[in-house]
Amino acid sequence: MKLLTRITAFVCLLIALAAHSADAVRTASPEGASLYIISPADGDTVSETFTVVFGLEGMGVAPAGTEKPNTGHHHLIVDGKELPSLNQPMGSDVKHFGGGQTQTTLTLPKGEHTLQLVLGDHNHVPHDPPVVSEVITVTVE
């Protein structure tokens, strides 16, 4: 399973690099689409290894490379200071879920951490307007 995850990540990176340009074309998102973290909740205390469950309303999930209206795939920012560029494919500073995954297991060091989701289109480019979750904070014990 780990090999499949690595292969998926590598393919996603190749797609993102192939789509990279100064200003990539952004895919429209429908009005009212929302992205959120189901769990953990903002302010939760979690163990060093925990599961993050993604939520999406008003759009569907499709693997990277699948060009279908009103769909995208998840990208998770861990301890990010700002959103990635909205006009380019998201890079290695975010965790890519190009297989269409709707949850992940993270292992983080003890302390306070922030989590935020960004939906990317078939080329890993944020939608227009961007579909982004609120930032949540968790404490790892």
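View 1. Leaving aside neighbours within four places in sequence, Gly58 is in contact with Pro30 and Ala33, where contact means heavy atoms within 4.5 Å. The C-alpha atoms of Gly58 and Pro30 are separated by 7.1 Å, although these residues stand 28 residues apart along the chain. Gly58 lies in the loop between β3 (49-57) and β4 (60-61). With a relative accessibility of 56%, Gly58 counts as exposed; the term buried means under 20% relative accessible area, exposed means over 50%, and partly exposed is in between (1.4 Å probe, protein chains only). This is a predicted model, in which local features need pLDDT of at least 70 and side-chain atom pairs count only at pLDDT 80 or more, while totals for chains, interfaces and linings use all residues. Residues are numbered from 1 along each chain as its sequence is written, and side-chain values use heavy atoms, with hydrogens and water left out.

**View 2. The fold as a whole.** Along the sequence, the pattern is α-β-β-β-β-β-β-β-β-β. Of the 141 residues, 36% count as buried. Among the contacts with a separation of 6 or more, 72% are accounted for by residues 24 or more positions apart. The protein exposes about 7,700 Å², of which carbon and sulfur atoms supply 53%; accessible areas come from the Shrake-Rupley method with a 1.4 Å probe, and for residues only the protein chains shown count as cover.

**View 3. The open sheet of β1, β3 and β7.** Three strands form an open sheet in the order β1-β3-β7, with antiparallel pairing. Its edge strands are β1 (34-39) and β7 (103-107), each of which pairs on one side only. Two strands pair if DSSP finds at least two bridges between them. Strands β3 and β7 are joined by five bridges, and Val52 stands opposite Thr104 in β7.

**View 4. Strand β8 and its partners.** Seven of the ten residues of β8 are buried, so this strand is largely enclosed by the rest of the structure. Strand β5 (residues 71-78) pairs with β8 in the antiparallel sense over six bridges; Val78 stands opposite Leu115 in β8. Strands β8 and β9 also pair in the antiparallel sense, over five bridges, and Glu112 stands opposite Thr139 in β9.

**View 5. The largest nonpolar core.** The largest nonpolar core has 19 residues, of which Phe50, Val52, Leu106 and Leu115 touch the most other members. The elements giving two or more residues to this core are β1, β3, β8 and β9, and β3 gives the most, with four residues. A nonpolar core is a set of buried Ala, Val, Leu, Ile, Met, Phe, Trp, Tyr and Cys residues joined through side-chain atoms within 4.5 Å. Not counting residues up to four places away in sequence, Leu115 touches several residues, including Ile37, Phe50, Val78 and Val138.

**View 6. His124 and His75.** His124 is placed in the loop between β8 (111-120) and β9 (136-140). This residue, His124, is buried, with a relative accessible area of 0%. The side chain of His124 makes a polar contact with the side chain of His75 (3.0 Å). A polar contact is a pair of N or O atoms within 3.5 Å; within protein, one must be able to donate a hydrogen and the other to accept it, and residues adjacent in sequence count only if both atoms are side-chain atoms.
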